[in-house]
Amino acid sequence: MDGDSTSNYSIPLLTNKNENSDQESFCRKVWEENKIIWYIAGPSILSAILKFSLAFTTQIWVGHVGTLELAAFGLQNLVIAGLTYGIMLGMGSALQTLCGQAYGAGKLTLLGIYLQRSWVILLGTALPLTLISVFATKILLLFGQKIEIAELAGTYSIWMIPQLYMYALNSPMQRFLQAQRKVVPLAWISFGVLVIHVPLSWFCVMRWGLVGAAASLNFSWVLVVILQFSYIVSGNCKDTWSGFSWLAFTELLDFLWLSLASAVMLCLEYWTLMVLLVFAGVLKNAEVKVDAAAICLNVEGWLFMVPLGYMAAVGVRVSNELGAGNAAAARFSVWVTVSIALVTQTVFATLILITRYDFPKLFTDDKIVMKEVSALAVYLCISILLCAILPVLSGMTIGAGWQAVVAYVNSVTYYLIGLPIGVFMGFKLDWGLEGLWVGTQIGMGLQTIGLLIMFWRADWDKEVQLSEVRVSEDVGLGEEQKLIKL
């Protein structure tokens with residue numbers, strides 16, 4: 001009986017030991033993945049916040065110049081610059097797929113070639129996009145904006161043309177460095193430029209108004225590009241940057257296709273905020289509505305820099321692991337990053353809700369505008385929460401190279417479902433700005449569900465094979481042998 005008694009107790013004890021071991025192993029894996037994610041996301045978040053703060057700081061100064069100037073700045077920043085920035089950001093994200101997978105596969109020389117190809121394509125794209133700034137007034141009038149706001153915003157858009165070309169150069173360099181996990185220099189460069197920009201912007205705006213705002217922003221973005229390029233060519237990326245090459249002008253069609261798919265994917269998502277602001281301009285009491293929407297969307301954009309860092313981190317992790325042939329690690333990284341994002345965005349939404357009667361004072365002295373912003377705070381909090389999961393899933397799709405498929409998902413969820421519902425609520429039901437925003441949030445929710453289904457049903461082993469095709473051994477060797485410095 002003693003023997004039976006011993007065996008009866010020994011089996012459960014052994015099982016508990018195994019369970020504890022499995023739990024410890026899982027917790028250790030989560031902890032290690034957390035460290036990797038934060039190593040990439042932390043500096044990426046800081047860099048994104050600091051760069052976003054360039055326009056954010058300038059808008060604060062402009063808000064104290066006048067209501068009309070604030071509306072014009074908001075329209076240019078979120079609509080005209082939003083159109084061009086969305087395209088540059090989207091097309092540049094193709095580099096995250098290719099550079100990330102090439103880095104994971106050990107094809108380091110290809111990264112420099114990919115960077116130069118992206119420059120060629122984005123600078124070529126910037127030329128026709130310049131027309132958007134040139135004809136900004138007519139575009140805004142076509143969307144029903146008030147003539148005095150449209151004319152001032154159109155003039156300011158022309159002054160901001162240099163910023164477009166800086167976007168074309170900055171976006172590829174950022175992806176190039178992120179793919180190699182060289183993210184700390186990006187944060188330091190952004191910090192240094194912001195330190196210079198804050199007093200410069202204050203001086204220029206208070207002295208010359210919108211002209212000063214344009215001058216300070218253009219100067220700061222030029223400085224960002226110069227410092228990032230100097231870091232790359234100074235020997236810090238000697239394994240991935242071998243100098244300029246004629247190979248930058250080869251195989252451009254395949255690269256262009258992925259860039260365009262990336263642009264469509266991100267632009268359809270990014271432009272929903274722009275569309276919201278445009279429709280706000282045709283509501284009753286348009287100037288107040290535009291100012292309130294611009295403030296809320298800028299706060300959302302500022303807070304979005306945090307999940308944008310997660311988006312960059314998970315994109316790098318997924319692309320690197322697929323390139324290295326680790327399907328399970330890529331999938332696990334997505335789960336961990338989503339969990340992190342849910343926690344941080346919940347904290348931000350809670351803070352906004354608590355301070356909803358106070359934070360509008362940072363942007364304007366107009367009591368009516370402040371009241372309108374406070375009324376919109378609940379919708380702002382909902383958007384912040386929706387931005388917890390969606391950017392992470394978007395980063396996953398970029399790392400895996402699913403941009404073309406996601407472009408269709410975005411088209412349906414945002415523009416065939418969300419936007420019509422928002423217009424119906426905003427104008428037909430007379431819910432105003434709140435109705436427009438609810439429609440946008442419905443689109444965001446449906447897109448999140450669609451990407452979750454893609455993630456759940458994906459064959460990650462097949463994605464590893466597709467990654468091998470993108471960065472195959474013969475292509476890598478061929479391009480290394482053909483490398484010719486200019």
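Predicted model: local features only at pLDDT ≥ 70, side-chain atom pairs only at ≥ 80, totals over all residues.
User: How is the packing of two helices described, and at what angle do α2 and α3 cross?

Analyst: Two packed helices are described by the angle between their axes and the distance between the axes. In this structure, helix α2 (residues 67-104) and helix α3 (residues 109-134) have axes that come within 10 Å and cross at roughly 170 degrees. That makes α2 roughly antiparallel to α3, because angles over 145 degrees count as roughly antiparallel.

User: Which residues of α2 and α3 meet, and how do they divide by class?

Analyst: From α2 the contact takes I80, L83, T84, I87, M88, M91, G92, L95, L98, C99, A102 and Y103. From α3 it takes L110, L111, Y114, L115, S118, I121, L122, T125, A126, L129, I132 and S133. By class, the contact of α2 with α3 has 19 nonpolar residues, 5 polar and no charged.

User: At what angle do α12 and α13 pack, and which of their residues are in contact?

Analyst: Helix α12 (residues 367-375) and helix α13 (residues 377-386) have axes 4 Å apart, at an angle of about 45 degrees. The two helices, α12 and α13, are therefore oblique to each other. On the α12 side, V373, S374 and A375 take part, and they meet A377, V378 and Y379 in α13. This contact of α12 with α13 comprises 5 nonpolar residues, 1 polar and no charged.

User: How many cavities of 30 Å³ or more does the structure hold, and which residues line the second largest cavity?

Analyst: There are 5 cavities of 30 Å³ or more. The second largest cavity has a volume of about 60 Å³, and its lining is formed by Q76, I80, A81, T84, S133, S157, M160, I161, Q163, L164 and Y167. At least two of the lining residues come from each of α2 and α6 (161-179). The lining of this second largest cavity divides into 6 nonpolar residues, 5 polar and no charged.

User: When do charged side chains pair, and how many salt bridges are counted here?

Analyst: Side chains of opposite charge can pair when their charged atoms come close. With a cut-off of 4 Å between the nitrogen and the carboxyl oxygen, the count comes to 3 salt bridges. One example pairs K35 with E32, whose closest N and O atoms are 3.4 Å apart. Because K35 and E32 are 3 residues apart in helix α1 (residues 2-63), about one helical turn separates them.

User: Where does L223 lie, and which residues does it touch beyond four places away in sequence?

Analyst: L223 belongs to helix α8 (residues 210-236). Leaving aside residues up to four places away in sequence, L223 touches V193 and I196. L223 and M166 are 57 residues apart along the chain, with their C-alpha atoms separated by 9.3 Å.

How values were computed: Residues numbered from 1 in each chain as written. Heavy atoms only, no water. Axes fitted to C-alpha atoms, helices over the stretch in contact; angles between N-to-C directions. Parallel < 35°, antiparallel > 145°, perpendicular 65-115°, else oblique. Contact = heavy atoms within 4.5 Å. Nonpolar A, V, L, I, M, F, W, Y, C, P; charged D, E, K, R; others polar. 1 Å grid on protein atoms, 1.4 Å probe; cavity = no way out; pocket = protein on both sides within 12 Å on 5 of 7 lines; lining within 4 Å. Points joined across faces, edges and corners; volume = space filled by probe spheres on them.
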